[in-house]
Amino acid sequence: MIVDSHCHLDRLDFDKLDLNLDQVLDSARAKQVEHFLCVSVTLDQFPSMLEKIQHYSDVSASCGVHPLDQKDALDKQRLIDLASHDKVVAIGETGLDYYYSKDTHTIQQESFVGHIEVANQLQKPLIIHTRDARADTINLMREYNAEKCGGVLHCFTEDWDMAKKAIDLGFYISISGIVTFKNAVELKDVVKQIPLDRLLIETDSPYLAPVPYRGKTNQPAYVQDVAYYISELKGISYKELATATTANFYSLFNLAKQG
């Protein structure tokens with residue numbers, strides 16, 4: 001059994017998939033996916049996201065504001081109130097993304113710090129998005145004691161030096177279907193070096209579908225393809241990869257194993 005440690009079920013285009021949410025989840029379950037973490041990107045949309053997944057026992061939620069969706073200063077009290085829901089197992093996704101716009105760096109940093117503080121207060125792990133912001137991401141994690149709550153650098157695409165610094169802080173590294181892309185040469189080398197006890201797998205659905213589905217709408221069932229690819233890359237069996245990453249997921253997010 002495997003887990004999709006990061007997906008956006010509320011953002012799936014069900015018309016394009018010609019499926020509803022029940023069918024999407026059943027398709028993944030048929031591929032041995034036993035749990036899903038549905039990740040928040042804005043506080044305004046969180047209540048509707050939660051409503052969509054509320055009755056699924058194998059779907060958990062996170063609560064937070066994506067750095068590229070950070071239009072205003074973070075409302076920390078609102079984040080605390082929403083993230084205190086029993087269904088919420090993590091804070092985020094949060095972090096820093098310097099790829100697109102330089103004029104949002106300050107507000108991104110302030111929001112990231114606020115998320116770290118809330119995660120430490122609620123003792124729920126962080127889900128961190130980081131792109132082209134290696135030094136600032138690690139420095140803020142260290143300065144604001146992110147190691148106290150722990151968490152994961154999700155959909156990781158940076159270098160081994162950054163991965164190791166995050167691992168040294170007790171964080172996990174999550175790998176998406178990007179690793180299957182032909183041009184992801186450096187990432188493939190990084191994945192080979194990530195210790196098995198610090199590794200998670202994800203789809204980031206509906207984005208970044210792995211080969212052979214690249215260009216199509218991603219969905220949680222495809223996490224199996226990511227798992228098979230990574231197991232071959234690391235030279236281990238699929239079963240070993242699945243067992244380790246699933247155990248890591250339940251440990252990090254303080255969830256009881258399914259079944």
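## Aromatic pairs

The structure holds five aromatic pairs, where rings of Phe, Tyr and Trp (its six-membered ring) pair if their centres lie within 6.5 Å, and where planes under 30 degrees apart count as stacked, over 60 as edge-to-face and the rest as tilted. This is a predicted model, in which local features need pLDDT of at least 70 and side-chain atom pairs count only at pLDDT 80 or more, while totals for chains, interfaces and linings use all residues. Residues are numbered from 1 along each chain as its sequence is written, and side-chain values use heavy atoms, with hydrogens and water left out.

Tyrosine 99 and tyrosine 100 form an edge-to-face pair, 4.9 Å centre to centre with 85 degrees between the planes. Tyrosine 99 is partly exposed at a relative accessible area of 45%, and tyrosine 100 counts as exposed at 57%; buried means under 20% relative accessible area, exposed over 50%, and partly exposed in between (1.4 Å probe, protein chains only). Tyrosine 213 and tyrosine 222 form a stacked pair, 3.8 Å centre to centre and with 0 degrees between the planes. Tyrosine 213, at 19% relative accessibility, counts as buried, as does tyrosine 222 at 10%. Ring pairs also link Phe249, Tyr250 and Phe253 into a cluster.

## Charges over rings

The charged end of arginine 131 sits over the ring of tyrosine 99, 3.6 Å from its centre, and that of arginine 198 sits over the ring of tyrosine 172, 4.1 Å from its centre. The criterion is that NZ of Lys or CZ of Arg lies within 6 Å of the ring centre and within 35 degrees of the ring normal.

## The parallel sheet

Eight strands form an open sheet in the order S1-S2-S3-S4-S5-S6-S7-S8, with parallel pairing; strands (E, at least two residues) and helices (H or I, at least four) are DSSP runs numbered from the N terminus, and two strands pair if DSSP finds at least two bridges between them. Strand S1 (2-7) and strand S8 (199-201) stand at the edges with a single partner strand each, so one side of each is left without a neighbour in the sheet. The twist averages 30 degrees from one strand to the next, with axes taken as lines fitted to C-alpha atoms, for helices over the stretch in contact, and angles running from 0 to 180 degrees between N-to-C directions.

## Strand S3

Three bridges join S3 to strand S2 (residues 33-38), with cysteine 38 having alanine 61 as its partner in S3. S3 (residues 59-63) also pairs with S4 in the parallel sense over three bridges, where cysteine 63 stands opposite isoleucine 91.

## Strand S5 and its crossovers

Five of the six residues of strand S5 (residues 126-131) are buried, so S5 is largely enclosed by the rest of the structure. Five bridges join S5 to strand S4 (residues 88-97), the two running parallel, and threonine 94 has isoleucine 128 as its bridge partner in S5. The chain crosses from S4 through helix H5 (residues 105-122) to S5 in a right-handed β-α-β crossover, the hand being right if, with the strands pointing away from the viewer, the path from the first strand over the helix to the second runs clockwise.

S5 is also joined to strand S6 (residues 151-153) by three bridges, again in parallel, and leucine 126 stands opposite glycine 151 in S6. S5, helix H6 (residues 134-143) and S6 make a right-handed β-α-β unit.
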